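User: I would like to learn how to read a few features of a structure. Please take them one at a time, with the general idea before the case.

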Amino acid sequence: MRKNAFMFLIMFTLIAIVGVFQSWTVAFMIINMCIISSIMSLGVNIQWGYAGLFNIGIMGFVAIGGLAPVIIATPPVFEAWEAGGLRVLIALIFGIFTFFFATFTWKKLKNSNLRPPAITLILVCGFFIYRYIFDPAVEAIEKFNPTVDGNLGGLGLPILLSWPVGGLFAAAAAWLVGRVSLGLRSDYLAIATLGVSEIIIFIMKNEDWIARGVKNVIGLPRPVPYEIDLQQSADFIYWSQTIGINVVDASSLFVKGCYTILFLIVLFIIYWLCEKALKSPWGRMMRAIRDNEVAAEAMGKNVTSRHLQVFVLGSAVCGIAGAMLVTLDSQLTPTSYHPLRFTFLIWVMVIVGGSGNNLGSILGGFIIWFFWIEVETIGHFVMDVLTSGFSENNSFRIHMLNSAAYMRYLTLGLILILVLRFNPKGLIPEK
Amino acid sequence: MDYLNAITALLNYVVIPAASYGSQLAFGALGVTIIYGILRFSNFAGGETMAWGAMFTLLFTGLFQSLGISIKPLPTAILALPLSIIVTVSLILITDRTVYRFYRKKKIDTSILVIVSFGVAMIMNGITRIMVGPSSRNFFDGERFFIKARDFKNSTGLAEGLSLKVSQGITIISAIIFVSLLFWFLYKTKTGKSMRAYSDNEDLALLSGINPEKVVSIAWIIATSLLVIGGTLYGLDKGFKPYVYYMLLLPSFAAAILGGLGNPLGAIAGGFVIAFSEITITYAFKKVFVYLLPENLEPTGLVQLISTDYKFVVSYSILILVLLFRPTGIFKGKSVV
């Protein structure tokens with residue numbers, strides 16, 4: 001226990017050093033992202049640490065969670081709805097209907113030679129009718145005011161609501177993925193989830209009518225005050241003068257601090273729930289399944305449906321984190337979702353922190369995010385020292401200094417391999 | 001005449017690009033499948049190995065160009081390729097000794113090996129970017145076309161042109177050569193037979209006195225060579241970009257699983273199936289139909305099933321469908337359930 005507290009203390013000292021030497025705004029930015037990363041790694045820990053499910057489609061669930069702020073908080077575009085909203089909905093319902101009709105036929109014609117042609121016929125006809133309804137509607141929607149809108153808009157509700165909704169989105173996606181791919185051998189579940197996450201990103205990039213695709217949605221509403229309003233409020237100016245910071249810095253710190261408080265509340269709730277679940281009979285059952293599936297099955301546990309449950313829960317947590325991330329950035333940029341950053345990095349956090357231990361995942365999230373951000377600064381310094389023998393405008397030296405930005409991947413890959421080799425249980429091992 | 005035009009259009013826009021892309025995927029899928037057959041884990045560093053191969057070829061090509069060595073009209077990269085293979089294979093063998101062997105000896109769970117291969121992939125990706133930067137580079141030199149579209153039109157009198165790029169030609173030819181070599185090795189030589197035996201039944205192979213470390217090393221050498229060749233060919237064809245090889249990894253996995261993991265013949269078939277479906281499903285068939293149908297039936301739209309933006313989605317979807325309905329692949333491979 002004392003060791004854990006000590007490690008967290010070191011972590012906060014490091015952030016404080018950044019605060020003193022770089023700036024407190026940077027320090028708070030790091031803290032906010034650390035908390036979001038911790039929540040993501042808690043989600044992965046639920047899947048991997050509790051149940052041994054190997055999900056490398058985290059990016060997809062984070063991204064689909066990030067869709068929630070757009071759909072919940074942006075104002076609806078009534079003209080676009082008039083132009084084709086209803087038609088898109090009809091097309092989607094028709095698509096879902098075709099899918100269910102196909103699965104129904106698949107089950108009905110179990111031992112029949114008619115099965116392949118019937119399924120093909122349903123799917124091909126369904127596809128063309130779907131495209132016939134869907135395409136003109138999308139064209140109409142995307143035509144309306146494409147520089148600002150070009151999508152259906154959202155519901156215009158408070159953005160905080162989008163956090164749980166993001167979790168629901170991710171849970172729904174995870175349920176679909178889990179229904180079809182759980183039961184595959186572990187590394188094939190991994191490849192399937194990786195494929196699905198790429199598909200989700202492709203859809204988000206190309207279906208402009210949902211959230212403007214690669215045109216991005218910017219200026220999402222905030223759950224906290226705007227700096228500019230604070231700087232004009234007499235009370236705030238008075239307050240910042242009494243503690244002696246200039247108004248601009250104070251307002252930026254205040255806003256980031258508000259985010260930190262909101263994020264901490266979410267982190268504590270999720271952590272508390274995770275701990276409760278892990279220590280409950282349910283958690284013991286999950287670990288029993290993880291350690292010996294055959295024995296658990298013999299004891300009458302339904303392994304596949306337990307796996308589905310834990311897969312959905314873990315993905316929902318990732319979705320919440322995704323919605324929080326988009327809220328923090330106030331924008332949704334589908335091109336920013338990259339698997340190295342949103343899947344592998346989270347894995348490094350879980351492994352380094354200690355898989356199976358919730359506190360470990362939080363610590364891992366903090367440490368790895370901190371290094372992810374600071375490696376560039378450190379890398380630049382190291383390169384500077386290493387190449388100090390060369391003259392200022394030596395091309396090799398310039399090349400190496402420019403490459404410092406790519407030290408991130410190298411360092412984190414190295415950390416992952418070293419931890420797996422020498423301390424595979426992680427910093428805070430499972431009890 | 002119109003039929004000939006339609007066929008030419010199909011050849012030019014679907015068959016030739018798909019055949020060369022399919023060959024590139026086949027190399028990737030073979031690299032993945034061989035490692036899976038012998039070491040029994042999905043190597044996620046495969047894409048980065050391709051990137052390394054292309055990168056070293058690019059660097060050696062630059063070296064040769066500055067020395068004035070060339071084999072015009074063929075690209076200098078062919079000369080650089082053997083050196084690139086040697087360098088990449090040595091580096092990968094060192095990686096195997098320092099990283100993977102430890103876990104192999106401990107007989108650790110496959111998932112951990114997969115995570116380790118992510119770590120390796122991240123390090124390799126970092127090194128690629130540090131060495132050549134993230135920008136796109138072209139290292140193709142020499143003659144660009146075997147058949148030029150305009151020459152084809154002039155000599156045949158057709159309205160449609162047919163072009164065959166040198167890079168595409170080389171890709172297809174080298175696929176034939178190296179795949180034949182691979183099968184000769186696997187089926188005719190003693191070492192190849194011992195590898196197949198090891199892949200089929202590890203315990204039995206060990207009993208009959210096969211040295212596992214030797215088999216593993218040879219698997220790495222062959223898989224890496226194939227990945228280097230595939231990576232270089234892809235780079236020659238489309239230009240070298242460090243991040244693009246990650247995108248190539250998933251279709252390669254898809255091809256390997258589609259053909260049955262651990263089955264080299266399946267990997268090749270899988271590569272071509274994936275490539276042809278990607279290109280056929282996203283190709284706008286309007287041109288072909290304009291030639292084939294009478295004027296009053298001509299299509300108004302593009303006659304495209306799915307927009308080209310979704311090219312990669314096609315292969316991911318095939319991958320998932322195969323995993324669902326036929327987890328052992330078309331040709332019986334190792335079960336993935």
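**Reading the backbone, a helix and the contacts**

Analyst: We can start with a residue in a loop. A:Asn216 is found in the loop between α8 (208-211) and α9 (227-232) of chain A. This is a predicted model, and A:Asn216 has a positive phi of about 65 degrees although it is not a glycine.

User: Is A:Asn216 buried, exposed or partly exposed, and why?

Analyst: A:Asn216 counts as partly exposed because it has 13 C-beta neighbours inside 10 Å; a residue needs 20 or more to be buried, and 12 or fewer to be exposed.

User: Where is B:Arg40 in chain B?

Analyst: B:Arg40 sits in the loop between α1 (2-39) and α2 (46-67) of chain B. Its phi is positive, about 65 degrees, although B:Arg40 is not a glycine. With 16 C-beta neighbours inside 10 Å, B:Arg40 counts as partly exposed.

User: How far should I trust the coordinates?

Analyst: Where pLDDT is low, the predicted coordinates should not be read in detail. Chain B has an average pLDDT of 87, and 98% of the residues score at least 70. For the complex, the predictor gives an ipTM of 0.87 and a pTM of 0.89.

User: How do I read a helix such as α18 of chain A?

Analyst: An α-helix has 3.6 residues a turn, so residues three or four places apart point the same way. Helix α18 (residues 407-422) of chain A has 16 residues, which at 1.5 Å a residue should span 22 Å; the end C-alpha atoms are 22 Å apart, so the two values agree.

User: Which residues of α18(A) are buried, and what do they pack against?

Analyst: Among the buried residues of α18(A) are A:Tyr409, A:Leu412, A:Leu416 and A:Leu420. The buried residues of α18(A) pack against α15 (339-353) and α16 (358-386) of chain A, and also against α3 (77-106) and α4 (110-132) of chain B.

User: How many residues of chain B are in contact with chain A?

Analyst: The size of an interface is often given as the accessible area lost when the parts come together. Here we count residues: 34 residues of chain B are in contact with 34 residues of chain A. On the chain B side, α4(B) gives the largest share, 16 residues. By class, the side of chain B that touches chain A has 26 nonpolar, six polar and two charged residues.

User: How is chain A divided into domains?

Analyst: Domain 1 of chain A is 2-76 + 153-422, and domain 2 is 77-152. Their C-alpha centres lie 33 Å apart. Eight residues of domain 1 of chain A are in contact with 12 residues of domain 2 of chain A.

Conventions. Residues are numbered from 1 along each chain as its sequence is written. Chains are lettered from A and ligands numbered from 1 in the order in which they are written. This is a predicted model: local features need pLDDT of at least 70, side-chain atom pairs count only at pLDDT 80 or more; totals for chains, interfaces and linings use all residues. Helices (H or I, at least four residues) and strands (E, at least two) are DSSP runs, numbered from the N terminus. Domain bounds come from an automatic or database domain assignment. Two residues are in contact if their C-beta atoms, placed from the backbone, lie within 7 Å. pLDDT is the predictor's confidence in each residue, from 0 to 100. The expected span of a helix is 1.5 Å times one less than its number of residues. Ala, Val, Leu, Ile, Met, Phe, Trp, Tyr, Cys and Pro count as nonpolar, Asp, Glu, Lys and Arg as charged, and the others, Gly among them, as polar.
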